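Subject: A structure for you to look through

Dear colleague,

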Amino acid sequence: MASSLLLDENALRHVVAEVMRGLGRTGPAPAETPRPVRPSAPPPAAPASAGAFPRAAGKGPRFGVFEDANEACAAAQDAFAQLKEQGMAGRAKVVEIVKELVTARAVEWGKFEFEETKIGRLEHKIEKLQIVKLVPGVEWLRPYGLSGDHGITMEEYTPYGVVGAILPVTHSVPTLSGNIINIVAAGNAVVFNPHPGGARSAALAVRAYNEAIHAALGIENLVCTIAKPSLESFDALARNEFVRLLCVTGGPGVVQAAMKSGKRAICAGPGNPPVLVDGTGCLKKAARDIIQGGAYDNNLLCIGEKQVFVLESFADKFLEALVAAGAVKLTGTQLEKLTAAAFTMAKDAGGCSHPVLNRALVGKDAAVLAREAGTSVPEKTPMLFAETNLEHPFVMEEQMMPMLPVVRVKDVAQGIEFARRSEHGYKHSALIHSLNVEHMTAMARALDTTLFVKNGPSVAGLGLGGEGYLSYSIATTTGEGITNPKTFTRTRRCVMVDNLRIY
Ligand code: NAD
């Protein structure tokens, strides 16, 4: 009796599998055969859910580029449902597509973004795309299993649905590409509201990704972007019913807006990374490392070295080492001129004056800054530097330009305290060049930052020369840290009581 029932079930499963195959979808496998890998071949011309969002007549395929945020969110929700059908193999395919395309098109997209944003350095724009392949994918999601006297339990990392993501102008396509890998590996779809200054670059990459995803998996709008983003499109995205989670990469304004939205937000907020040089290590190496990290893409990296505190007794030698490594020192008068061009004074709500960054100089070459300072330096100069006090705007503000303020401190305790004040409690990044573990430990504890790099350039904190993986979104404000696929998942528990433990 029991065996004939089993045969009937098998026959039924075969019939269902055949019918599903006829519909162009993979159905449940016969019980005695292994579950097949889900298909990555082109799907039927009209996926089952293709009609689930309105598509304006005559507009043709969107491939993820939308004028309207609500329309983008509906399309992404539809794509999310289709991705679910394709299982882990579908997600892995998308990750593979993104990594291959971003590597192959790095030069073209790097040039495009450089021309659109007009900030940073072309070679670094290209390199930031070439290293996107270091972002982790589906392999990151390992379920957590428990087995005990009361049975077995599995905790799974499952998707949210549609993620709304905000991009900075400092790295539009790199952040977009890294976010897609993390977010889709976790099983979600995503809608981006890019910075208006980098929106055309974002649309170029989004279209290419969707065309390739559509060719491989039949999903048209897994990754969406707003063609002309605005505060209104941000608002629409944050309010949309399909958006279950926000991922914000940007400065204080957008972090605040996201936290007020009522949606759960992962916030990769601003930083102002200080460096302490205590003189116990090699000063020449410290100078080279600081220039490598701080001058990278003209200081646009949020992790990039923004101000240095050096022990008085080693300061002269350290400044010489900066010059030997290619940086150019500004005189007091030159610094004054550049400061007047780089910052204006404004009154805050309480009536106090505070410096406001001049965005026109953000990400500009050291040679351009030198001209503003009333001098000239060779075009290839990586960085300018000048001696300042703690309260100087170049120390206290996140300048995002290759002008490094250097402050002399009387001892390590003062260096740590000044570094802490200049970081403003962003809990983003900090660095030390030292061979003294007590100094390292004291600074790590006092600053409490998400990233703390010892004896290397800041980029080593993201896996470039240090151990670890890459992400361009470091969730500092909300505490998730260097984002990875697990960041974009809900943890769900599945419990079998008293059974299935096999010993
Ligand atoms: P930004 O804050 O000017 O803009 C970031 C994004 O937010 C843009 O898409 C912009 O259009 C949007 N935006 C700005 N104000 C908004 C508001 N009130 N409401 C809704 N959207 C708003 O920053 P940026 O110049 O593009 O990028 C540089 C900033 O981002 C720096 O502060 C840097 O430290 C930070 N950043 C942080 C990380 C990180 O991983 N933590 C990574 C990159 C950049």
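F418 is buried, with a relative accessible area of 14%, where buried means under 20% relative accessible area, exposed means over 50% and partly exposed lies in between (1.4 Å probe, protein chains only). Please keep in mind that this is a predicted model, in which local features need pLDDT of at least 70 and side-chain atom pairs count only at pLDDT 80 or more, while totals for chains, interfaces and linings use all residues. Residues are numbered from 1 along each chain as its sequence is written, and side-chain values use heavy atoms, with hydrogens and water left out.

A pair of aromatic rings is described by the distance of the centres and the angle of the planes. Rings of Phe, Tyr and Trp (its six-membered ring) pair if their centres lie within 6.5 Å, and planes under 30 degrees apart count as stacked, over 60 as edge-to-face and the rest as tilted. By this rule the count comes to four aromatic pairs. One of them joins F309 and F418, whose ring centres are 6.2 Å apart and whose planes stand at 70 degrees, so the pair is edge-to-face. Because F309 lies in strand β10 and F418 in helix α15 (residues 412-423), this pair ties together parts that are 109 residues apart in sequence. F309 is buried too, with a relative accessible area of 0%.

Another pair is formed by F343 and F394, with ring centres 5.1 Å apart and planes at 85 degrees, so this one is also edge-to-face. It links distant parts of the chain, since F343 sits in strand β12 (residues 343-347) and F394 in helix α14 (residues 393-396), 51 residues apart. Both F343 and F394 are buried.

**Salt bridges**

Side chains of opposite charge can pair when their charged atoms come close. A salt bridge is taken here as a side-chain nitrogen of Lys or Arg within 4 Å of a carboxyl oxygen of Asp or Glu, and the structure holds 18 salt bridges. In one of these, R62 is joined to E71, with the closest N and O atoms 2.7 Å apart, and R62 counts as buried at 7% relative accessibility.

In another, the side chains of K128 and D297 meet at 2.6 Å, N to O. This pair links distant parts of the chain, with K128 in helix α5 (residues 122-130) and D297 in the loop between α10 (283-294) and β10 (307-311), 169 residues apart. K128 and D297 are both buried.

The side chains of E387 and R408 also meet in a salt bridge, at 2.7 Å from N to O. E387 lies in strand β14 (residues 384-387) and R408 in strand β15 (residues 403-409), so the pair ties together parts that are 21 residues apart in sequence. E387 is partly exposed, with a relative accessible area of 32%, and R408 counts as partly exposed at 27%. These two residues belong to a network of salt bridges that links E312, D316, K329, E387 and R408.

**Helices and their contacts**

The protein has 16 helices and 20 strands, where helices (H or I, at least four residues) and strands (E, at least two) are DSSP runs numbered from the N terminus.

How do the axes of helix α3 and helix α6 cross? The axes of α3 (residues 87-104) and α6 (residues 172-185) come within 9 Å and cross at roughly 170 degrees, which makes α3 roughly antiparallel to α6. Axes are lines fitted to C-alpha atoms, for helices over the stretch in contact, and angles run from 0 to 180 degrees between N-to-C directions; angles under 35 degrees count as roughly parallel, over 145 as roughly antiparallel, 65 to 115 as roughly perpendicular and the rest as oblique. The contact (heavy atoms within 4.5 Å) is made by R91, V94, V95, V98, K99 and V102 of α3 and S177, I180, I181, V184 and A185 of α6.

In α5, the residues H124, K125, I126, K128 and L129 are buried, and the buried residues of this helix pack against α3, α4 (106-117) and α6.

**The whole protein**

Of the 503 residues of the protein, 53% count as buried.
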